[in-house]
Amino acid sequence: MDFNLTEEQSMIRDLAKNFADGEIIPRAAAADRAADLPLDIHAKAHELGLLGVNLPQSCGGPGLGNVELALVTEQLCRACLGIGTALSTNGLAGEPVILAGTPEQQKEYLGRLARGGFASFALTEPAAGSDVAGIRTAARRVAGGYELNGSKIWISNASLASFFVVFAKTDASAGHRGVTTFIVERDSPGLSVGEPLGKLGQKAAPTCEVFFDNVFVPDANRLGAEGKGFQLAMETFDQSRPMVAAFGLGLIQRCCDEATAYARERVSMGKPLIEHQAVSHKLAEMAIRSEAGRLLTYQSAWMAEQGQRNTVQASIAKAYTADAAMWCATEAVQVFGGMGYSTEYPVEKLFRDAKVLQIYEGTSEIQRNIIAREIARKSA
Ligand SMILES: Cc1cc2nc3c(=O)[nH]c(=O)nc-3n(C[C@H](O)[C@H](O)[C@H](O)COP(=O)(O)OP(=O)(O)OC[C@H]3O[C@@H](n4cnc5c(N)ncnc54)[C@H](O)[C@@H]3O)c2cc1C
């Protein structure tokens, strides 16, 4: 067992770290206030080769692995969860194309991502989030393809996407076996995108509704077989949840860094906060969660990279880091006292940003359902 990063992994981690420190941290608060993704940051990250590092070389990507992707993701999200999420969303949208795309689909759509384009993953609907099998967007067979009707909500980067990976029902009576996946061009007649939704945190990452009104999708844009969409979504999450764990890891590390620096500086009752045991124990707890989260995240990413089934490990990593990030952000605000509540210091943003980690890509409750189901299956 070797826990060391390779030279290449250290290099890409350091590149991402320097970029995050130099380009993202100084702009994060303003991007959050403006609720706007600075597109020049996206362009610079693309230029440096920090986006889509796992895209296959055959499609113009760097062809690195899931561990490298996690290392980069962690650094971007340490700097700003909003900007980091927006810069990482293509990973979620691209994964189904990597897993199930034909060579032509991969060349076209992964190629767009490798050239710096945006895409969105469109699964959640107003009446069905955790209940994936309950989606209602309908895909009706017509000559030469399908016609989509329905709507999606909370779709990250929808305002920027040039295409959407959309999950819809080809058979409304077949439950999860009736779900099929489609690649839908943004400029398809009948497709429209709503204004970005107002949010508690992660404001620099746009999230919108998407509407389908008799949208024609040609047969060539069906992704995988009819009825295999639910399975494809679950296989996608096995790849993407370690990355959401890396989002949480970045946020946890930032809480550790900010709270430690403040606790060294701020004096109370004649000594720095860090010398008060009640405060230093909070920092120790953050370090415990950071180390444990890091091991879980890298392990689940590594398993995905090795082609091993990682459903449980991905859910454990995602649930653990999400809950730990929320805990660390709450305690970081506490270490800052009143200043933790002020928009002048970064920890109130960490607190607002952290919450969504327990919600998207499967809530913390759903991760526990998955873990419990897998334990029950194994012990049966
Ligand atoms: C900022 C943001 C970005 C997002 N980006 C995307 C995106 O790009 N693409 C996309 O498709 N979706 C996206 N989502 C949607 C997200 O994945 C869903 O919000 C999430 O899966 C929860 O679904 P829901 O909101 O419908 O909540 P519900 O499913 O209604 O859940 C409500 C509550 O009930 C609990 N609950 C529900 N069912 C169960 C159960 N069976 N057992 C135990 N507890 C249960 C949940 O854990 C939760 O606490 C995003 C959401 C947000 C907030």
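**The nonpolar core and its surroundings**

Guide: The largest nonpolar core contains 117 residues, and those with the most contacts inside it are Ile83 and Ala329. A nonpolar core is a set of buried Ala, Val, Leu, Ile, Met, Phe, Trp, Tyr and Cys residues joined through C-beta atoms within 7 Å. A residue is buried if 20 or more other C-beta atoms lie within 10 Å of its own, exposed if 12 or fewer, and partly exposed in between, with C-beta atoms placed from the backbone.

This is a predicted model: local features need pLDDT of at least 70, side-chain atom pairs count only at pLDDT 80 or more, and totals for chains, interfaces and linings use all residues. Residues are numbered from 1 along each chain as its sequence is written.

Setting aside neighbours within four places in sequence, isoleucine 83 is in contact (C-beta atoms, placed from the backbone, within 7 Å) with Ile24, Ala28, Ala31, Leu37, Ile41, Leu76 and Ala204. In soluble globular proteins, nonpolar side chains tend to be buried together.

Helix H9 (residues 347–354) also deserves attention. Helices (H or I, at least four residues) and strands (E, at least two) are DSSP runs, numbered from the N terminus. Six of the eight residues of H9 are buried, so this helix is largely enclosed by the rest of the structure. The buried residues are Val347, Lys349, Leu350, Phe351, Asp353 and Ala354. They pack against helices H1 (7–34), H4 (81–100), H6 (229–265) and H8 (311–336).

Turning to the whole protein, 51% of its 380 residues count as buried. Residues 24 or more positions apart account for 74% of the contacts with a separation of 6 or more. The secondary structure comes to 10 helices and 10 strands.

The protein is divided into domain 1 (7–114), domain 2 (119–228) and domain 3 (230–379), with bounds from an automatic or database domain assignment. The contact between domain 2 and domain 3 takes 13 residues from domain 2 and 11 residues from domain 3. Both of these domains give residues to the shell around the ligand, so the ligand lies between them. Of the 23 residues around the ligand, Gly129, Ser130, Ser156, Thr363 and Glu365 come nearest; a residue is near a molecule if its C-beta atom, placed from the backbone, lies within 6 Å of it. Strand S1 (119–122), strand S3 (145–156) and helix H10 (364–379) each give two or more residues to this shell.

Terms used: Two residues are in contact if their C-beta atoms, placed from the backbone, lie within 7 Å.
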